[in-house]
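Open the model in your viewer and keep the selection panel at hand. The tour goes from one selection to the next.

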Amino acid sequence: AASDVYKRQILYNATDYSGTYDGKPHSISVDVTSPSSTNVTYSTDGKTYSTNNPVFTDAGEYTVCYKIEKSNYDTVAGKKKVVIAKKDLEVKVDDQRIVWGNDIDNTKYNVSGLTEGDGISEITLKASTTALTDNGTIRVSSIAITNDSKDVTSNYDIALSDGKLVIEHLSLIHISEPTRQ
């Protein structure tokens, strides 16, 4: 019978992608070693397949299904994952010494770990007090990271370090007249 015809095997190598968020697109790879001119298709839902290998940029775990087909060969079907971990980001708030009644400076902080192309689009620093103090703190109360207009904050694992805050009276310097000899 025709159904008993021996079909040949497709030889291939399929690999996952695993890495840390870097702002670049990533995908699985399917390399067919034999035979030539096979038809490789991909799907993210296991139903709709196309020749486009889907790419992922944001942190997360994504499953990609693939099929390798050629007439007179057994069809290969499988799935691989793209796993993108969040990137560590550190925001350190600088220490500030201000005169009572003045606001803290919202630009006094240092960031390390931003991916190229990403930037802090919004950051709010909040003082622990507005009263006179020599042991106050300044913390980050909100932060947003964008790439062009896309919010990419969720791609980062953000560690925040508070700054120290000293609020003091305006000190008046008395200039006394030199004493006459």
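Is glutamate 61 buried, partly exposed or exposed? At 54% relative accessibility, glutamate 61 counts as exposed (buried means under 20% relative accessible area, exposed over 50%, partly exposed in between, with a 1.4 Å probe and protein chains only).

This is a predicted model, in which local features need pLDDT of at least 70 and side-chain atom pairs count only at pLDDT 80 or more, while totals for chains, interfaces and linings use all residues. Residues are numbered from 1 along each chain as its sequence is written, and side-chain values use heavy atoms, with hydrogens and water left out.

**The sheet**

Select strands E2, E6, E5 and E4: in that order they form an open sheet with mixed pairing. Strands are DSSP runs of E with at least two residues, numbered from the N terminus, and two of them pair if DSSP finds at least two bridges between them. E2 (17–20) and E4 (39–43) are the edge strands; each has a single partner, so one side of each lacks a neighbour in the sheet. On average, neighbouring strands here are turned by 20 degrees against each other, direction ignored (axes are lines fitted to C-alpha atoms).

Next, select residues 60–69 and 76–85, which are E5 and E6; they run antiparallel and are joined by nine bridges. Within this pair, tyrosine 62 stands opposite valine 82. Six residues lie between the two strands of the hairpin, where asparagine 72 takes a positive phi near 70 degrees.

Now centre on lysine 67. On one strand, its opposite residue is threonine 41; in E6, it is alanine 77. E4 and E5 are also antiparallel, paired over five bridges.

**The salt bridges**

The whole structure holds four salt bridges, each a side-chain nitrogen of Lys or Arg within 4 Å of a carboxyl oxygen of Asp or Glu.

Lysine 81 is partly exposed at 32%.

Then select aspartate 58 and lysine 150, whose salt bridge is 2.8 Å, N to O. Aspartate 58 lies in the loop between E4 and E5 and lysine 150 in strand E12 (residues 150–151), so this pair ties together parts 92 residues apart in sequence. Aspartate 58 is partly exposed at 26%, as is lysine 150 at 39%.

Finish at glutamate 90 and lysine 92, with closest N and O atoms 4.0 Å apart in their salt bridge.

Technical notes: Helix = DSSP H or I, 4+ residues; strand = E, 2+ residues; numbered from the N terminus. Axes fitted to C-alpha atoms, helices over the stretch in contact; angles between N-to-C directions.
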